[in-house]
Each structure stands twice: as C-alpha cells, then as structure tokens.
Amino acid sequence: MNRRTFWWFTIPSVIVMLALMVFPLITTVWLGFQKLLLRDLNNPEWVGWDNYRDVLSDPEFWAAVQFTLVFVVVTVPASMIFGLAVALLLDRIGRGRAVYMAALLLPFIVTPVVGTLIYEDLFERGGLVSWLWEVFTDDAFAVSASNVKVLIVVQYIWYVMPFAMITFFAGLQTLPEERVEAAALDGAGFWRNLWHVTLPHLRLLVVFVGLISVMDAYRVYDSVFVWTGNRFTEAHTLAVYNVRIATAFDIGRLGKGNAIAVLTVIGIFVVLIPFLWRSYRDQIAERT
C-alpha cells in the first residue's frame, strides 16, 4: 500500500476520532476553567482553578470518590468470579444449554433502569423480599442509608455478570481438549486444572473483561440514581454526583461539572493503569 492510499483510508477515521473524542475532551477541559450556569450559557466567566478547588474541598465529592472506588473494587472481581463459575457450569452442560444461557442473559439484555426498577420492587412494601423479611423477622423491610449501598452493589453484580459469563464461555470453547485430557492423565483435579490450564488459556480474556468492567463500574449512573435520586447522597457515585452538580438539581454549575468530569477521566486512567500495563506486556510476550 502506497502512502497516498494509506492516507485515504486513515483520514476519515482520524476525522471521526477528532470529532467524537478529542474536540469534546478539549471543550470539557476549557469549560472546567469557566463559571458557567444553566441560566446563563452565553456568558462564561474565566475563573481558573476555582472550580477544581471547589470540587476538591467538597466533602460530598470525596464521599462519592470513596463509594465509587469501593464499588469498583467489590463489583468487578465479584462479577468476573461469578461469570467464570457460571461459564464453567455451562461448559459442562449438554442438553438445554441454550435455554439456560438465554435465561442468564436476561438481566444484561434489559435496560439498566428497567432492571433496577424491577429489582427495587422486590424490596418495596409488598415485594417478595420485603414480604419474606417480614415473615421471618416480624419487621417491615425499609431501604435506608445503612443498606442501600449493599443493595446497589448486589443489583449491579447481578446485572453485569452475564457479560463476563458469555465472554469466558466463548473462551472455553477454544480450549484445546488435548490439554484438558493431558492434565487429567497427569492426575490433575478440578482446581489444579482450572489454575494451570483453564485460567492461563483465558488470560487475555480476563484482562479484557477486567478492563471493560472497571470502566463500566467507574462511570455507573443509571442503577445508582434509581436507588438514590436526591436522597442517600453518601451512596452517590461520581457520575451521580456530577449530574447532580451540573444540572438543575442544584443551580446548574456546568463549569464545576466539567471540572468533575476531567477529574473523573484522570481517575479512570489511574485505575486502568494495571490493566493497560498487563495488556501491553501480554502483547509484547506474544510477539516475541
């Protein structure tokens, strides 16, 4: 391929990347240094680092950071472990596998808001979980600041687990049978086979699923907002906190909201560094 042909193929994608990624990012950074309100969008005022100082001195911001990090640390490994476990079970099932897989994929297919509303109804007055709680404890179940975080985490794991499950299941279908048979002949049990044969084969998929899961968990909004709204602010993630600050829930401080977005992008990058480094090392190892 000559240089001219290369540029003819490359330029359209570069333009799309600039339009969808680079330009919005530059605009976000610029607006983070402005005082811009929803009621007065035509008159931004340069305030420098004031928005960042305001954000970093806000206790609610640090509460959102803390819950977001806990949310990521708990949900990502849990969803991957459960996804792998279910994938291993599906791999051993012959008849009826398609039915089980379809049923397990339902939470991931349903819109997050709809799925969260259905899940929330289980804990409302008259819901199944609420009724069982009242039967066994003689006390009405109520969503409160002490249990809402647990409910959010459990619901999110239930929702995203099918992504890890279907990815690992696809990877298991490419596992050479001779490796499994050789391990069985050497006397390897289930756990040794899993650790020394299956997981090494799924290594790249584990990194891939972890990378996507961290990004999704870090920016989760829908399910958390359905559970909390403008209440239970201690259970707000960074995304919910940002929307509450940057929209009419307050006075619409768009400049501060863009500063939060910039800090969120930096935070995502820092959290993803281990996964990016591992992915880079694996690619280098494959080339050599």
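**Close-up views of a predicted model**

View 1. Thr167 is part of helix 7, in a model that is predicted rather than determined by experiment. Its relative accessibility is 13%. Residues under 20% are classed as buried, so Thr167 counts as buried. The side chain of Thr167 comes to 2.8 Å from the backbone oxygen of Phe163. Leaving aside residues up to four places away in sequence, Thr167 touches Leu205, Phe208 and Val209.

View 2. Helix 9 covers residues 190-201. Which residues of helix 9 are buried? They are Asn193, Leu194, Val197 and Thr198. These four lie on the same side of helix 9 because they cover an arc of only 125° around the axis. An α-helix has 3.6 residues a turn, so residues three or four places apart point the same way. On the other side of helix 9, the exposed residues are Trp191, Arg192, Trp195 and His196.

**View 3. What covers the buried residues of helix 9.** Helix 3, helix 7 and helix 8 are among the parts that cover the buried residues of helix 9. Helix 7 runs over residues 148-172, and Thr167 from View 1 lies in this helix. Helix 3 spans residues 59-92, and helix 8 spans residues 177-185.

**View 4. The largest pocket and its lining.** The largest pocket holds about 320 Å³ of space. Rolling a probe the size of a water molecule over the atoms shows where empty space is left.

**View 5. Residue classes in the lining of the largest pocket.** Sorted by class, the lining has six nonpolar, three polar and three charged residues.

**View 6. The whole protein, for orientation.** The protein has 13 helices and two strands. Its C-alpha trace spans about 75 × 75 × 30 Å along the principal axes. Of the 288 residues, 39% are buried. Among contacts with a separation of 6 or more, 69% are between residues 24 or more positions apart.

Conventions
Residues are numbered from 1 along each chain as its sequence is written. This is a predicted model: local features need pLDDT of at least 70, side-chain atom pairs count only at pLDDT 80 or more; totals for chains, interfaces and linings use all residues. Side-chain values use heavy atoms; hydrogens and water are left out. On a 1 Å grid over the protein atoms alone, a cavity is a set of points where a 1.4 Å probe fits but cannot get out, and a pocket is an open set with protein on both sides within 12 Å along at least five of seven lines; lining residues have an atom within 4 Å of a point. Grid points are joined across faces, edges and corners, and a volume is the space filled by probe spheres set on the points. Ala, Val, Leu, Ile, Met, Phe, Trp, Tyr, Cys and Pro count as nonpolar, Asp, Glu, Lys and Arg as charged, and the others, Gly among them, as polar. Buried means under 20% relative accessible area, exposed over 50%, partly exposed in between (1.4 Å probe, protein chains only). The arc is that of the directions from the helix axis to the C-beta atoms. Contact means heavy atoms within 4.5 Å. A polar contact is a pair of N or O atoms within 3.5 Å; within protein, one must be able to donate a hydrogen and the other to accept it, and residues adjacent in sequence count only if both atoms are side-chain atoms.
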